[in-house]
Amino acid sequence: MAQERSITNQLLFERLKVKDQLKNDEVVKLEGWVRSNRNNGSIGFIEFNDGSSFKNVQLVYTKETKNYDNIVHFRTGCTIQIEGKIVLTPENKQPFEIHLIDAFLLGDCSEDYPIQKKRHSFEFLRDIAHLRPRANTFNAIFRVRNKLAFAIHQYFQERDFMYVHTPEITSNDAEGAGQVFHVVSDFKDPTAFFGGSSASLTVSGQLHVEAFALAFRNVYTFGPTFRAENSNTTRHASEFWMIEPEIAFADLEDDMDLMEDFLKYIIKYVMKNCEDEMNFFNTMIEKGLLDKLNHVVNSNFVRMTYTEGIEILKNAVKAGHKFENNNIEWGMDLQSEHERYLTEVHVKGPMFLIDFPKHIKAFYMKQNSDGKTVAACDLLVPQVGEICGGSQREENYEVLKKKMVEMGNDKGLEWYLELRKFGGCIHSGFGLGFDRLLMYITGMQNIRDVEPYPRTPGSLKY
Ligand code: 4AD
Ligand code: MG
């Protein structure tokens with residue numbers, strides 16, 4: 001075959017954007033997968049993807065193409081190597097196609113390949129997680145997932161936040177909610193491995209990253225977290241990724257400002273850098289998705305207290321709205337249906353709910369002067385509900401100590417309390433659920449469809 005194999009499909013697309021750089025008749029050699037193959041006897045078309053771009057490239061072949069007799073039998077899903085000539089088609093939807101000179105089969109694909117060129121349900125595809133990255137929707141999701149992760153690092157790195165690797169195995173339940181997975185070993189006595197400490201998978205890197213904020217000022221952790229909640233919903237996973245910045249010398253208002261600016265930045269980044277994928281989601285998954293995201297980027301997020309939220313929900317019930325839980329009382333933990341009413345029906349956009357009753361929130365949150373509420377904020381967005389939770393941290397040693405004892409979170413966290421004794425300061429932070437954010441940005445309705453290999457109660461295939 002004629003040419004070096006350095007060129008990729010993506011490069012072709014990139015070069016096409018810069019006018020005149022891609023030459024008609026240029027010969028390229030590529031490896032990739034057949035998405036479909038049809039021919040009418042005299043001319044044939046292969047939808048081809050080499051993994052470097054969301055869009056497929058059309059390969060055209062005729063009886064004159066070398067190896068024609070084999071090419072007509074290339075099946076959907078098979079791996080091939082091709083040599084062909086670029087033909088620019090500026091008037092078509094696809095800016096170029098490749099006229100085959102020759103093509104070989106590298107890996108055949110048997111006839112029972114489940115991803116044929118037709119619509120498959122997400123439920124069906126969920127059961128073949130090892131093959132679904134090749135289906136259009138999932139190809140787009142995992143591309144966006146990649147860019148989103150990069151945008152997150154870029155946002156913080158551009159602003160001199162330091163990235164901290166907090167541990168996955170820990171002896172603390174950072175949220176104090178008792179939803180931990182225990183880690184045991186085969187080592188003689190299964191709990192003796194860590195010298196008698198009971199080990200679990202982390203539910204949040206917050207407590208560990210707080211210590212770093214008190215040395216480096218602005219820091220973040222971004223990694224997998226684990227929750228043993230038996231919640232079989234479309235929004236809960238047992239393993240998910242979380243972004244947790246922590247900022248020193250910053251109160252709840254600063255925290256919300258950061259959250260809002262951060263969210264707008266990463267949404268803009270994805271819209272700009274994943275144009276093909278986002279257009280696909282806008283037409284195939286959620287009509288109006290781009291309008292929704294543009295609205296978020298251009299709006300000021302509403303800030304409302306929990307107490308005001310309760311009043312709005314009470315009024316909704318009075319006006320005849322039916323929630324599954326219609327018993328709206330100050331002090332209750334809001335369910336998703338309540339959060340969604342506030343953000344979807346009342347505000348019609350993203351909103352912060354702040355100053356929650358202290359008994360429904362975690363022990364580390366700053367107590368407000370009313371003695372009843374804490375300086376916490378949840379960011380609620382339409383369709384998803386809570387996407388992000390944050391708070392100002394209790395920096396007063398005595399207040400925090402008392403609360404930890406009262407709530408039973410004092411054991412093993414002496415080191416955390418010590419941060420209030422040795423040069424503490426006002427500080428705040430938040431946790432953004434990466435997978436829920438990806439659902440919101442792509443319009444996907446189920447967390448199982450935005451994670452490469454979802455872990456949820458009742459299933460651990462793969
Ligand atoms: O509200 P959470 O529990 O807050 C914390 O863990 C704090 N330590 C964060 C901080 O202040 N540093 O969780 C934060 C976010 C939620 O808003 C939600 O988006 C996501 O994590 N989340 C889940 N995502 C998927 N599946 C689950 N089971 C989740 N639980 C929480
Ligand atoms: Mg929360």
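Colleague: Which class does Gln179 fall in: buried, partly exposed or exposed?
Modeller: This is a predicted model: local features need pLDDT of at least 70, side-chain atom pairs count only at pLDDT 80 or more, and totals for chains, interfaces and linings use all residues. Residues are numbered from 1 along each chain as its sequence is written, chains are lettered from A and ligands numbered from 1 in the order in which they are written, and side-chain values use heavy atoms, leaving out hydrogens and water. Buried means under 20% relative accessible area, exposed over 50%, and partly exposed in between (1.4 Å probe, protein chains only). Gln179 has a relative accessible area of 25%, so its class is partly exposed.

Colleague: Where does Gln179 lie?
Modeller: Strands (E, at least two residues) and helices (H or I, at least four) are DSSP runs, numbered from the N terminus. Gln179 lies in the loop between β7 and β8 (182–183).

Colleague: Which residues does Gln179 contact, leaving aside its neighbours within four places in sequence?
Modeller: Contact means heavy atoms within 4.5 Å. With those neighbours left aside, the partners of Gln179 are Asp173, Val203, Phe226, Arg227, Ala228 and Glu229.

Colleague: Which residues make a nonpolar surface patch of about 400 Å²?
Modeller: Patch members have over 30% relative accessible area and no salt bridge; like charges are joined within 9 Å, nonpolar side chains (Val, Leu, Ile, Met, Phe, Trp, Tyr) within 5 Å. A salt bridge is a side-chain nitrogen of Lys or Arg within 4 Å of a carboxyl oxygen of Asp or Glu. Areas come from the Shrake-Rupley method with a 1.4 Å probe, and for residues only the protein chains shown count as cover. The patch is made by Ile169, Phe187, Phe193 and Phe194.

Colleague: What is the relative accessible area of Ile169?
Modeller: Ile169 lies in strand β7 (residues 169–170). Ile169 is partly exposed, because its relative accessible area is 42%.

Colleague: How many bridges join β1 to β2?
Modeller: Two strands pair if DSSP finds at least two bridges between them. β1 and β2 (residues 43–49) run antiparallel, and Val34 stands opposite Phe48 in β2. The number of bridges joining β1 to β2 is six.

Colleague: Which residue in β4 is the bridge partner of Leu30?
Modeller: Strand β1 (residues 27–39) also runs antiparallel to β4 (residues 79–88), with seven bridges. The partner of Leu30 in β4 is Ile82.
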